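This report covers the chains, the aromatic contacts and the pockets of one structure. The sequence and coordinates come next, and the text follows.

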Amino acid sequence: DMKVTQMPRYLIKRMGENVLLECGQDMSHETMYWYRQDPGLGLQLIYISYDVDSNSEGDIPKGYRVSRKKREHFSLILDSAKTNQTSVYFCASSLLRVGEQYFGPGTRLTVL
Amino acid sequence: QQKVQQSPESLIVPEGGMASLNCTSSDRNVDYFWWYRQHSGKSPKMLMSIFSNGEKEEGRFTVHLNKASLHTSLHIRDSQPSDSALYLCAAHTEGADRLTFGKGTQLIIQP
C-alpha cells in the first residue's frame, strides 16, 4: 500500500526555537516536495527534492531548509521559527518529476 | 511565474445537482492539468488529470480541457454530501519541474 508518512502530526513551538518536520515514503519515489497550506492561499511549494542531496528551491524557500540523505526520507528544517510560519505543512512524493503527487497527512505547526 | 485561477471560490449545490468548477492558467505553455480533492482535515488526493484537449469522464466526474483558452473545468453530476471538499486545480507548463496549484474551490453539497 503506497504511503507517505509525516511526523509529528501536531507541533507547538515558541518563536526562535528550531523545528524539524520529517517525511517518509515507501514507494521509492525519486521526487519529493514540501508545501505549506494556509487558508485562502492554497498550496505553496517550499522545496523540491529530485533525489538524495539534490534539492531545489520552490516558490517560498525563505526561512526553510531541507535535507535528503536517503531516498525514502525528506526533512524540513526551520531554524529559529517565526510566528508567520504557523501553518499546515504537507509532504508529497511522485514517481515522475511531474506525475501524480501522493501527499502525507500533514503536520499542523503552531509557532507562539 | 505561472498563476492558476480557480472559480468560484465557494459553491453550494443541492444533493443530486451538478457542480461545475473552473480553472485557468496564466501561462500559454501550459500542457496539462490535475484536479485534487481535499476533504476537511485531510490531505489532497488526486482526482483526475487531463493532458489532451477534449473531455474525460470517470463515473460522476467529467473534466474538460481547452488548451487554446488555457482552461479546464470539472463537473460533478448527481452530487453527494461526500463530495463536499476543497477542490484544487494544478497546472504544469512545458519544461517545468513542478506543478502550480490554484487556491481551490470550496464545494458544499447540501442534503
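What percentage of the 111 residues of chain B count as buried? The share is 50% for chain B. The model is predicted, and the values in this report are computed from it.

**The two chains**

Chain A contains 11 strands and zero helices. Its pattern along the sequence reads β-β-β-β-β-β-β-β-β-β-β. The radius of gyration of chain A is 13 Å, close to the 13 Å given by the globule rule for 112 residues, so chain A is as compact as a globular protein of that length. The C-alpha trace of chain A spans about 35 × 25 × 25 Å along its principal axes. Of the 112 residues in chain A, 50% are buried.

Chain B likewise holds zero helices and 11 strands, and its pattern along the sequence is β-β-β-β-β-β-β-β-β-β-β. For chain B the radius of gyration is 13 Å, close to the 13 Å that the globule rule gives for 111 residues, so chain B is as compact as a globular protein of that length. Taken along the principal axes, the C-alpha atoms of chain B fill a box of roughly 45 × 30 × 20 Å.

Sequence separation can be read from the contacts. Among contacts in chain A with a separation of 6 or more, 54% are between residues 24 or more positions apart. The corresponding share in chain B is 53%.

**A buried leucine in chain A**

A:Leu21 is located in strand 3 of chain A, residues 19–25. Is A:Leu21 buried or exposed? A:Leu21 has a relative accessible area of 0%, and therefore counts as buried, the cut-off being under 20%. Leaving out residues up to four places away in sequence, A:Leu21 touches A:Met7, A:Pro8, A:Leu11, A:Trp34, A:Phe74, A:Ser75, A:Leu76, A:Tyr89 and A:Thr107. A:Tyr64 is 43 residues from A:Leu21 along the chain, and the C-alpha atoms of these two residues are separated by 11 Å.

**Aromatic pairs**

Over all chains the structure holds 12 aromatic pairs. One of them is formed by A:Phe90 and A:Phe103, with ring centres 6.3 Å apart and planes at 85 degrees, so the pair is edge-to-face. A:Phe90 lies in strand 9 of chain A (residues 87–94) and A:Phe103 in strand 10 of chain A (residues 102–103), so the pair ties together parts that are 13 residues apart in sequence. A:Phe90 and A:Phe103 are both buried.

A:Phe103 also pairs with B:Phe101: the ring centres are 6.4 Å apart and the planes at 80 degrees, so this pair is edge-to-face. Why does the pair of A:Phe103 and B:Phe101 join two chains? A:Phe103 belongs to strand 10 of chain A, while B:Phe101 belongs to strand 10 of chain B (residues 100–101), so the pair joins two chains. Both A:Phe103 and B:Phe101 are buried. One aromatic cluster is formed by A:Tyr33, A:Tyr35, A:Phe90, A:Phe103, B:Tyr36 and B:Phe101.

**Pockets**

Rolling a probe the size of a water molecule over the atoms shows where empty space is left. The table gives volumes and lining composition.

| Pocket | Volume | Nonpolar residues | Polar residues | Charged residues |
|---|---|---|---|---|
| Second largest pocket | about 180 Å³ | seven nonpolar | three polar | three charged |

At least two residues of the lining of the largest pocket come from each of strand 4 (31–38), strand 5 (42–51), strand 9 and strand 11 (107–111) of chain A, and from each of strand 1 (4–7) and strand 10 of chain B.

The second largest pocket has a volume of about 180 Å³. Which of the 13 residues that line the second largest pocket are the closest to its centre? They are A:Tyr102, A:Phe103, B:Ser43, B:Pro44 and B:Lys45. Strand 10 of chain A and strand 5 (45–50) of chain B each supply at least two residues of the lining of the second largest pocket.

Methods: Residues are numbered from 1 along each chain as its sequence is written. Chains are lettered from A and ligands numbered from 1 in the order in which they are written. This is a predicted model: local features need pLDDT of at least 70, side-chain atom pairs count only at pLDDT 80 or more; totals for chains, interfaces and linings use all residues. Side-chain values use heavy atoms; hydrogens and water are left out. Rings of Phe, Tyr and Trp (its six-membered ring) pair if their centres lie within 6.5 Å; planes under 30 degrees apart count as stacked, over 60 as edge-to-face and the rest as tilted. Helices (H or I, at least four residues) and strands (E, at least two) are DSSP runs, numbered from the N terminus. Buried means under 20% relative accessible area, exposed over 50%, partly exposed in between (1.4 Å probe, protein chains only). On a 1 Å grid over the protein atoms alone, a cavity is a set of points where a 1.4 Å probe fits but cannot get out, and a pocket is an open set with protein on both sides within 12 Å along at least five of seven lines; lining residues have an atom within 4 Å of a point. Grid points are joined across faces, edges and corners, and a volume is the space filled by probe spheres set on the points. Ala, Val, Leu, Ile, Met, Phe, Trp, Tyr, Cys and Pro count as nonpolar, Asp, Glu, Lys and Arg as charged, and the others, Gly among them, as polar. The radius of gyration is taken over C-alpha atoms; the globule rule is 2.2 Å times the number of residues to the power 0.38. Contact means heavy atoms within 4.5 Å.
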